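Subject: Structure for you to look at, with notes

Hello,

I am handing over the structure we talked about, and below it you will find my notes on what turned up.

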Amino acid sequence: MPDLLSHVLLAYAVLTVASWRLNRLTDEWIAVGVAGAAIPDLIKAELLVDSAVVSRAIGVPFDVEAIGTLGGVLLVAGVIALAFGRRWRPAYAALVAGGGASLVFDGLRAYADGRASFWLYPIPWRPPTPSLYVSSDPAVLAAAALVAGGVAVADRRVGESADRPPGGRTGE
């Protein structure tokens, strides 16, 4: 659980900072992007449903672990973006940005052999990892909360200096 929360908090921080330069990245799309940060963690659904069961249900080979890769994020974000109707493009971009941020943070964690998983799939390469953290360490969650809190405070100050309306960024 600290892993998922850390991904969400860090995606919020990244997308909020990006919104300072990108006017179209409004509060609603930041929220969508933060939700996209959870896409790679859908891999934990395998704790509840075995990949073989899903594979039999949909009739094609399926492995839940593929969701935790770049290809999985692109695919799942596309499926979710369809729910946004005509606004699917910004939704897709926000979901991919959040999911991509989550994958980047996953690429920094410690692995026993010093190489990250195949998170860049379909690129068949396991990049070396700097082994900055262990995903289950609560200190990572505390650091992510501090970063997100600091960005939230800075965002409020940026909004005050930009005369942002009380409802936040509107994209206008």
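Please keep in mind from the start that this is a predicted model.

I begin with the helices. Two packed helices are described by the angle between their axes and the distance between the axes. If you look at α2 and at helix α5, which covers residues 88-106, you will see that they pack at an angle of about 45°, with their axes 6 Å apart. The two helices α2 and α5 are therefore oblique to each other, and their crossing is right-handed. Helix α5 also packs against helix α4 (residues 70-81), here at an angle of about 150° and with the axes 9 Å apart. Because an angle over 145 degrees counts as roughly antiparallel, α4 is described as roughly antiparallel to α5, and the crossing of α4 and α5 is right-handed.

Next come the charged side chains. Side chains of opposite charge can pair when their charged atoms come close. The count in this model comes to 6 salt bridges, and I describe some of them here.

One of them joins the side chains of D41 and K44, with 3.2 Å from N to O. D41 counts as buried because its relative accessibility is 9%, under the 20% cut-off, whereas K44, with a relative accessible area of 39%, is partly exposed.

Another salt bridge is formed by D106 and R109, whose closest N and O atoms are 3.5 Å apart, and both of these residues are buried.

Where does V49 lie? V49 is found in the loop between α2 (27-36) and α3 (51-58), and, with a relative accessible area of 35%, V49 is partly exposed.

Best wishes

Note on methods:
Residues are numbered from 1 along each chain as its sequence is written. This is a predicted model: local features need pLDDT of at least 70, side-chain atom pairs count only at pLDDT 80 or more; totals for chains, interfaces and linings use all residues. Side-chain values use heavy atoms; hydrogens and water are left out. Helices (H or I, at least four residues) and strands (E, at least two) are DSSP runs, numbered from the N terminus. Buried means under 20% relative accessible area, exposed over 50%, partly exposed in between (1.4 Å probe, protein chains only). Axes are lines fitted to C-alpha atoms, for helices over the stretch in contact, and angles run from 0 to 180 degrees between N-to-C directions. Angles under 35 degrees count as roughly parallel, over 145 as roughly antiparallel, 65 to 115 as roughly perpendicular and the rest as oblique. A crossing is left-handed if the near helix is turned anticlockwise from the far one by less than a right angle, and right-handed if clockwise. A salt bridge is a side-chain nitrogen of Lys or Arg within 4 Å of a carboxyl oxygen of Asp or Glu.
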